[in-house]
Amino acid sequence: MVNFDQQAIQQAFDLAASVQGTTSPNPPVGAVVIRAGQVVGFGATQPPGGPHAERVALAMAGADACGADLYVTLEPCTFQGRTPACTDAIIAAGIARVYFVFRDGDPRMPPHGAQSILTAHGIDVIQIPPPNQSDALTIAPFRWRLQYQRPFVTLKYAMSLDGKIATHTGVSQWISSQQSRHIVHQIRNRVDAIITGSGTAVRDNPQLTVRGITAAHTPWRILIDSHGSTPATARLFDITDAPTLVFTSTAAPESWRNALCQAGVDVHCSSNTPIALPDVLTHLYRLGINHLLIEAGSGLAGVFSDHDCIDEVHAFIAPGFIGNPQAPGPIGGEGLGQLVDWQRFTIIDVQQIASDVYIHACRPSIFAHPHYHTKE
Ligand code: AOF
Ligand code: ZN
């Protein structure tokens, strides 16, 4: 029976959560060093090229790391990437025991992970469960990108009690409460990029920035606009707020594409109209984007859903009716014809936020192998 420190691993997950969105393509990891029941060091993964969580925590612990226990949310890396192997730092510091939760799926890891290297140096290595089921969400975006060569995709929407995200005339501001919209900024702060479509860009002229909270970073803004219908004056194209990447096609006017390039927007032009979602996701994979947030209308969300590319949902449900069959719901697209193989999400959290109900759900497969043994 392993007697590990629940508080230490919880603190490590809190540290990991605090740097979500700032570490891609690396995973956000938290580490805590405990000696004689006291926290002597802690840290989280720094942006790419910077030290990993373990090295930050060990540096803080200094000589106190000798004989101490290390709690880390992901098994320590054993290879030289942009930074040297964490196992070397753990061995050099004289750590006695390493508790970790998730296995690292990076192909540069050896078949048996960090365990054999550390145990060969007399260090006990113990894999423990996550304190909460939802802790798997800290590692899922990193895992998804490696496993499926695409980002982990989160959809956020606000809808009425009758399942509409706008009126039949296209008005959607505002369906959810101000408190719910505040949570959306926290969600944006945890992702690498926010994607929308031209319908939303034209109708709402959104900024898609993190506001009203202390932002850890600035996510990319991504627009899918095959025909160049978003005015060049749109707020999304003001790159002093945040960087913007546009996927368009040769069907869009060349003058529009040039104007965007001149404004500093990163324009990716394809000869296919409409733009193929798998091409977009592959491009984002190559850019190192682990976590993508959809904030769009039913058209773009429907394309993601038809491709079975929505992995997590944040739904805000406001207590009023909108009505009219022409008023859109959150998901358009082709949709399902039958419910035989219908894949349901797993609900992680349900809360009342001011007058709204908030539902947080994700694919059950995120929890299927919470310890993520990839190399068995
Ligand atoms: C850890 N602790 O905090 C993180 C790890 O290029 P590098 O050197 O930054 O290495 C990136 C890889 O390190 C990444 O793909 C993943 O396997 C691991 N991430 N490992 O020990 C950490 N973020
Ligand atoms: Zn490392």
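The questions below concern a metal site.

Mentor: This is a predicted model, where local features need pLDDT of at least 70 and side-chain atom pairs 80 or more, while totals for chains, interfaces and linings use all residues. Residues are numbered from 1 along each chain as written, chains are lettered from A and ligands numbered from 1 in written order, and side-chain values use heavy atoms, without hydrogens or water.

Trainee: Which residues coordinate the zinc ion (ligand 2)?

Mentor: Donors are N, O and S atoms within 2.8 Å of the metal (3.2 Å for Na, K and Ca). Contacts to the zinc ion (ligand 2) lie at 2.0 to 2.2 Å. They come from one ND1 and two SG atoms, those of His-52, Cys-77 and Cys-86.

Trainee: What is the geometry of the site of the zinc ion (ligand 2)?

Mentor: The angles among its four donor atoms run from 100 to 118°. Four donors pass the test if all angles lie between 85 and 135 degrees, so the site is tetrahedral.

Trainee: How many residues apart are His-52 and Cys-86?

Mentor: The donor spacing in sequence is H-x24-C-x8-C. His-52 sits in the loop between strand S2 (38-44) and helix H2 (53-61), and Cys-86 in helix H3 (residues 86-93); helices are DSSP runs (H or I, at least four residues), as are strands (E, at least two). The pair links distant parts of the chain, 34 residues apart.

Trainee: Is His-52 buried or exposed?

Mentor: Buried means under 20% relative accessible area, and exposed over 50% (1.4 Å probe, protein chains only). Cys-86, at 0%, counts as buried. His-52 has 17% relative accessibility, so His-52 too counts as buried.

Terms used: Four donors count as tetrahedral if all angles lie between 85 and 135 degrees; four count as square planar and six as octahedral if opposite donors are over 155 degrees apart and all others between 65 and 115; anything else is irregular.
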